[in-house]
Amino acid sequence: MSDATGDGGDVGHVSLVGSGPGDPELLTVKARRLLDEADVVLHDKLPGPDIISLVPEDRREDVGKRAGGEWTPQEYTNRRLVELAREGKHVVRLKGGDPFVFGRGGEEMEHLASEGVPFEVVPGVTSAIAGPAVAGIPVTHRDHASSVSFVTGHEDPTKEESAVDWDALAATGGTIVVLMGVGKLPAYSAELRSAGLDPETPVALVERATWPGMRVATGTLDTIVDVRDEAGIEPPAITVVGDVAATRDRVRAFLRSGYETEVGEAR
């Protein structure tokens, strides 16, 4: 660890680290080493309690949800990264999944560069692929999908309109993976149907992928909202839209995920 005190010593550095989907065994070797070496780890809730608990409490700061339901502003996190680095510290910014897949890693990287703070990027296993995979759903398959689109279901609320073109996604013929989209499932499932996607298109919801108590619910574009409600699927969860979602039913009897998966049946 650094011995600098911030009184004119060398600037520290920041590691933007992806923690993977939540299972500590899916951390990369480098990510695990950096968690041990860091002076301080800034994290939110998405890495999950099993990974966060690997870091002693006195070396970590929660920059996620605060008491009362408020979220730490991104501007505060950016500022805090710079402050700590200028004190000579090695800072790990720990993110769920991969830093650059809807993780604001790009924003933080640009801010660090603008402030003259050295940084590195440590990719992580993105839940957009790992979540469906551990549920027995390949996001691509030679017989069913030659392309995959990753979409956020939780865009910047300051945007005047959505940047997601659901009409274009419906026309691709490939797999659509929606992250952080459980709450808005009724809206975008309706938009996809309106755009011409077959109401019988298979859909799967994977809740808390690779965490203990992971649950999976399957249905169709026409039934998935009712399936979600009956199964009680809640965030964090991933939505998979496309023929590949039906693969789970063909392999489920032999799938051993080890995550105590409960299944919500299709209607």
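User: Which residues does Ser15 touch, not counting residues up to four places away in sequence?
Analyst: In this predicted model, Ser15 belongs to strand β1, which covers residues 13-18. Leaving aside residues up to four places away in sequence, the residues that Ser15 touches are Leu34, His90, Val91, Val92, Arg93 and Glu120.

User: Is Ser15 buried or exposed?
Analyst: A residue counts as buried when its relative accessible area is under 20%. The relative accessible area of Ser15 is 0%, and therefore Ser15 is buried.

User: How far apart in space are Ala85 and Asp39, C-alpha to C-alpha?
Analyst: Ala85 is found in helix α3, and with a relative accessible area of 0% it is buried. Among the residues that Ala85 touches, not counting those up to four places away in sequence, are Val11, Gly12, His13 and Val14, and also Val91 and Val117. Ala85 and Asp39 are 46 residues apart in sequence, while the distance between them in space, C-alpha to C-alpha, is 9.9 Å.

User: How are the axes of α3 and α4 oriented, given that they cross at roughly 45 degrees?
Analyst: The axes of helix α3 (residues 74-86) and α4 come within 10 Å of one another and cross at roughly 45 degrees.

User: Which residues have the most contacts inside the largest nonpolar core?
Analyst: The largest nonpolar core has 22 residues, and α6, β7, α7, β8, α8 and β10 each supply at least two residues of this core. A second, separate core has 18 residues, including Ile238, Val244, Ala245 and Tyr259. Inside the largest core, the residues with the most contacts are Trp166, Ile176, Leu192 and Val241.

User: Is Thr210, which has a positive phi, buried or partly exposed?
Analyst: Thr210 lies in the loop between β8 (202-207) and β9 (215-220). Although Thr210 is not a glycine, its phi is positive, at about 70 degrees. Its relative accessibility is 3%, and therefore Thr210 counts as buried.

User: How does Phe102 count by its relative accessibility, buried or partly exposed?
Analyst: Phe102 is found in the loop between β4 (90-95) and α4 (105-114), and its phi is near 55 degrees, a positive value in a residue other than glycine. Because its relative accessibility is 37%, Phe102 counts as partly exposed.

User: Is the peptide bond from Pro235 to Pro236 cis or trans?
Analyst: Pro236 lies in the loop between α8 (224-231) and β10 (237-241). The peptide bond that leads from Pro235 to Pro236 has omega near -5 degrees, and this bond is cis.

Key:
Residues numbered from 1 in each chain as written. Predicted model: local features only at pLDDT ≥ 70, side-chain atom pairs only at ≥ 80, totals over all residues. Heavy atoms only, no water. Helix = DSSP H or I, 4+ residues; strand = E, 2+ residues; numbered from the N terminus. Buried < 20%, exposed > 50% of the residue type's maximum accessible area, 1.4 Å probe, protein only. Contact = heavy atoms within 4.5 Å. Axes fitted to C-alpha atoms, helices over the stretch in contact; angles between N-to-C directions. Core = buried A, V, L, I, M, F, W, Y, C linked by side-chain atoms within 4.5 Å.
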